[in-house]
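Here is a short note for a colleague who is new to this structure. Please read the points with the model open beside them.

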Amino acid sequence: MTTPTIGSLLLSSTDPARLRDWYAAAFAPKVDRTPGEPGYDILDFGGFYVMIDSRDDVGAANPEPGRVILNVEVDDARAVAGRIDDLGGRWLAELDDRDGSLFATAIDPDGNYVQLVQLSPQHRAEMSDGGR
């Protein structure tokens with residue numbers, strides 16, 4: 001039996017087009033959609049897929065946004081934070097330098113938490129060798 005993998009996440013929204021447009025503008029993933037046809041939008045984050053769809057059983061804002069936090073690894077956290085600022089973005093935690101790695105937690109239009117992560121080369125190397 002092969003090891004299961006997690007390859008995607010479904011974000012449900014009362015306004016999926018607004019949410020899709022925010023993620024597309026903030027992070028510039030590849031966006032697959034068929035305008036005017038039923039279905040959901042698929043944002044390709046380098047092989048991890050965020051699907052955005054509407055549902056009747058969700059509210060306009062996430063009441064428990066800390067329950068699931070989407071971590072997005074980026075090459076230039078300052079540039080992404082600037083794009084989020086340009087979109088009128090809100091921050092739970094502004095950009096913070098932690099020993100050369102950059103972290104910030106944005107709040108998307110539905111109130112979900114989205115953490116920006118830019119790992120330093122040293123931190124990435126430590127992770128790949130098991131912290132040795």
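1. Strands here are DSSP runs of E with at least two residues, helices are runs of H or I with at least four, and both are numbered from the N terminus. Two strands pair if DSSP finds at least two bridges between them.

2. Before going on, note the basis. This is a predicted model, where local features need pLDDT of at least 70, side-chain atom pairs count only at pLDDT 80 or more, and totals for chains, interfaces and linings use all residues. Residues are numbered from 1 along each chain as its sequence is written, and side-chain values use heavy atoms, without hydrogens and water.

3. The open sheet has 4 strands in the order β1-β4-β3-β2, with mixed pairing. β1 and β2 (30-32) are its edge strands, each pairing on one side only. On average, neighbouring strands are turned by 20° against each other, direction ignored.

4. Now the pairings. β1 and β4 (residues 48-54) run parallel over 6 bridges. Within that region, Ser13 has Ser54 of β4 as its bridge partner. β3 and β4 are antiparallel over 5 bridges, and β2 and β3 are antiparallel over 3 bridges. The hairpin of β3 and β4 has 2 residues between the strands, and Gly46 there takes a positive phi near 65°.

5. Helix α1 (residues 16-27) lies across β1, β2, β3 (41-45) and β4, at about 150° to β4. Axes are lines fitted to C-alpha atoms, for helices over the stretch in contact (heavy atoms within 4.5 Å), and angles run from 0 to 180 degrees between N-to-C directions.

6. Which residues lie nearest the centre of the largest pocket? They are Leu10, Leu11, Ser12, Asn62 and Asn112, among 20 lining residues. Strand β1 (residues 8-13) gives the largest share of the lining, 5 residues. A pocket is an open set of points on a 1 Å grid over the protein atoms alone, where a 1.4 Å probe fits, with protein on both sides within 12 Å along at least five of seven lines; lining residues have an atom within 4 Å of a point.

7. Two loop residues deserve a look. Ala28, between α1 and β2, has a positive phi of about 55° although it is not a glycine. Asp99, in the loop between β6 (90-98) and β7 (101-107), also has a positive phi, near 55°. Asp99 is exposed at 78%.

How values were computed. Buried means under 20% relative accessible area, exposed over 50%, partly exposed in between (1.4 Å probe, protein chains only).
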